[in-house]
Amino acid sequence: KVYTEEDHLKRKSDDITELYETYKTAILNLSDNIEVEYRKDYIAFKKNSNIADITVQRKGLKLWINLKKGQLDDPKNLMRDVSEIGHWGNGDYEVVVKDDKHLEYIMSLVKHALENRQS
């Protein structure tokens, strides 16, 4: 089956759809040529390889940053280390977002992943 954005946003509230659109736009604005791929369990943002993944949930978004444990400088300690547990997205860092309060900070972490994936 080919998955679409519509599949991920089906039966989600307007608030959650809007939150997803905000994060999607912010990620796409980080760099040219970022591609979006719709997988069964998550939405992948890629430039050569995955940078970040999002799962749209009923009450928020779950976002993974595709870096290995120890590669991300997260002074606010927002990200959860999921290196030892099973999870859907790629990468060892996960955050659940319910609003755009930390959008800029989270985008700085995603940008860090983007820059460190390309080198």
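Which residue in β6 is the bridge partner of aspartate 81?

Modeller: That's tyrosine 93. Quick caveats before we go on: this is a predicted model, where local features need pLDDT of at least 70, side-chain atom pairs count only at pLDDT 80 or more, and totals for chains, interfaces and linings use all residues. Residues are numbered from 1 along each chain as its sequence is written, and side-chain values use heavy atoms, with hydrogens and water left out.

Four of its five residues are buried, so β6 is largely enclosed by the rest of the structure; buried means under 20% relative accessible area with a 1.4 Å probe, protein chains only.

On one hand, β6 pairs with β5 (residues 80-81) in the antiparallel sense over two bridges. Pairing, by the way, takes at least two DSSP bridges between two strands. On the other hand, β6 runs antiparallel to β4 (residues 61-65), with five bridges, and there tryptophan 64 sits opposite glutamate 94 of β6.

Zooming out, six strands make an open antiparallel sheet, ordered β1-β2-β3-β4-β6-β5. β1 (35-38) and β5 are at the edges with a single partner strand each, so one side of each has no neighbour in the sheet. Elsewhere in the sheet, β2 (residues 43-47) and β3 (residues 49-56) are joined antiparallel by five bridges, with phenylalanine 45 partnering alanine 52 in β3.

Methods: Buried means under 20% relative accessible area, exposed over 50%, partly exposed in between (1.4 Å probe, protein chains only).
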